[in-house]
Amino acid sequence: MAAGIPLARQVGRVPSSLVPLDAGEEVRYCNIVEDAITVDVHQHPFVLPEVMEQLIDLVRVGRYQWGYDAARAGGWTAITTANVFGGLKSTADMSFVEYDDVAAEVGNMVADVAMQEGITRVGNAADIEAAKQQGNLGFMPTLEHLPIGNRIERLDQLYSMGVRLAGITYNRRNYIGDGMYERNPGGLSDFGIEVVRRMNDLGMAIDLSHVSTPSALDAIEFSRVPVAFSHNAAYTLRPNRRTRHDEELAACAENGGLICITAVPNSLSDDPEQDIECVLDHYDYMVNLVGVDHVGIGTDTTIGDHVAFHRVVMGRDGPDQLPAPYLNGLESPAAGGNIVRGLIRRGYSDENVRKIIGGNAMDFFRRVMG
């Protein structure tokens, strides 16, 4: 409950299946999760209301709660936080959230993290390693996208608040470049190239998950360090506006970047009873396309009813757009262990499982954040 608004259950909100393993695979699973570092490079630990129509009331009150229990249940060493929902108090389109609203949400979260036992704010790979050694859960402040307008100094302000990774656009055009939903998409603006270079200088990782193809290729070209697609999938398997073409994915990997697989319900399947298998298909495809060293986890999961969020906030409706009520086996951050189980069952070696679930993200953070 927050400000009188009932919040979604963090664990067990809906029935969720467990990827089955045989006895030998179960032993492998236990050994891996005991000592591996697991990182979700795009997660939403903002606890959503039980009734999604109350989301705007919740963000206007500003008394948020964060999904520590869900993240712990998922076995994560560290998660990024994809802050953005607080911006919905001023706009219905997440492409146009206001800087002050998003900065206030980050500040609220950072303050709350500081008061928690067993939770620590992390800002690079070394911090995550320390959190693992201490048995803590790491929260890395990140942004869904940069609502900085044309004021580049806001990057430094966000960095001082702990933000270490950010998308440069959402679905629409901004001062930096074009989002992936623009009708006639272009590349980065001159200001956008300045933003890329300043992010490089600060050690803030660049996320291209929602940018247009020309803007993505520009960012890969102009960035002096690797960049990420933090929550995407393969257009070849699932052709729509939210998935990425092989050309972009290969360019990202060739420059040392990281590609993380999303698990948003109805984004990878039209099955009314879809499950984690459609997500695992994209892991297989991506590993075959760019190599195992460039693939990571970016679930884009929420704590609450993700499908209701799409209906209420993003204006999507109907069984043609949203056939499944949730994605069975990876419905929330609490189901993170199922990715490990799924990769084992798909035949990945222990070494490669460890790379995908966190090792590659840690290497990326070392190269970008220092």
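## Helix 5 and helix 13

The model described here is predicted. In this model, the axes of helix 5 (residues 125–134) and helix 13 (residues 350–369) cross at roughly 135° and come within 8 Å. Helix 5 and helix 13 are therefore oblique to each other.

Which residues of helix 5 and helix 13 meet? From helix 5 they are A125, I128 and E129, and from helix 13 they are M362, F365 and R366. Sorted by class, this contact has four nonpolar and two charged residues, and no polar ones. An α-helix has 3.6 residues a turn, so residues three or four places apart point the same way.

Strand 4 covers residues 137–140. L137 and F139 point one way from strand 4, G138 and M140 point the other way, and all are buried. In a regular strand the side chains alternate between the two faces of the sheet.

Strand 4 runs parallel to strand 2 (residues 78–80), and three bridges join the two. Here A78 stands opposite G138. Strand 3 (residues 119–121) also pairs with strand 4 in the parallel sense, over three bridges. The bridge partner of R121 in strand 4 is F139. From strand 3 the chain passes through helix 5 to strand 4, a β-α-β crossover that is right-handed.

## Strand 8 and strand 9

Strand 8 (residues 228–232) is mostly covered, with five of its five residues buried. Its pairing with strand 9 (residues 258–261) is parallel and has three bridges. F229 has I259 in strand 9 as its bridge partner. Between strand 8 and strand 9 the chain goes through helix 9 (residues 246–254), and this β-α-β crossover is right-handed.

## Helix 12

How many of the nine residues of helix 12 are buried? The count is eight, and helix 12 (residues 337–345) is mostly covered. The buried residues are G337, N338, I339, V340, R341, G342, L343 and I344. They pack against helix 1 (23–35), helix 10 (277–290), strand 10 (295–297) and helix 13. After helix 12 comes G347, with a positive phi near 100°.

Neighbours within four places in sequence aside, R341 is in contact with L18, V19, P20, L21, E26 and Y29. R341 and N31 are 310 residues apart along the chain, and their C-alpha atoms are separated by 12 Å.

## Helix 2 and L58

L58 is in helix 2 (residues 55–61). Its relative accessible area is 0%, so L58 is buried. Leaving out neighbours within four places in sequence, the contacts of L58 are A2, I5, L7, F46, V47, P49, R63 and Y64. Among these, A2 is 56 residues from L58 in sequence, with a C-alpha to C-alpha separation of 7.6 Å.

## Buried loop residues

Not counting residues up to four places away in sequence, S332 touches Q10, T301 and T302.

Most residues other than glycine have a negative phi, and most peptide bonds are trans. N266 has a positive phi near 75° and is not a glycine. N266 lies in the loop between strand 9 and helix 10. At 8% relative accessibility, N266 therefore counts as buried.

D300 is also a residue other than glycine with a positive phi, of about 60°. The loop that holds D300 runs between strand 10 and helix 11. With a relative accessible area of 9%, D300 is therefore buried.

How values were computed. Residues numbered from 1 in each chain as written. Predicted model: local features only at pLDDT ≥ 70, side-chain atom pairs only at ≥ 80, totals over all residues. Heavy atoms only, no water. Axes fitted to C-alpha atoms, helices over the stretch in contact; angles between N-to-C directions. Helix = DSSP H or I, 4+ residues; strand = E, 2+ residues; numbered from the N terminus. Parallel < 35°, antiparallel > 145°, perpendicular 65-115°, else oblique. Contact = heavy atoms within 4.5 Å. Nonpolar A, V, L, I, M, F, W, Y, C, P; charged D, E, K, R; others polar. Buried < 20%, exposed > 50% of the residue type's maximum accessible area, 1.4 Å probe, protein only. Pairing = 2+ DSSP bridges. Right-handed = clockwise from strand over helix to strand, strands pointing away.
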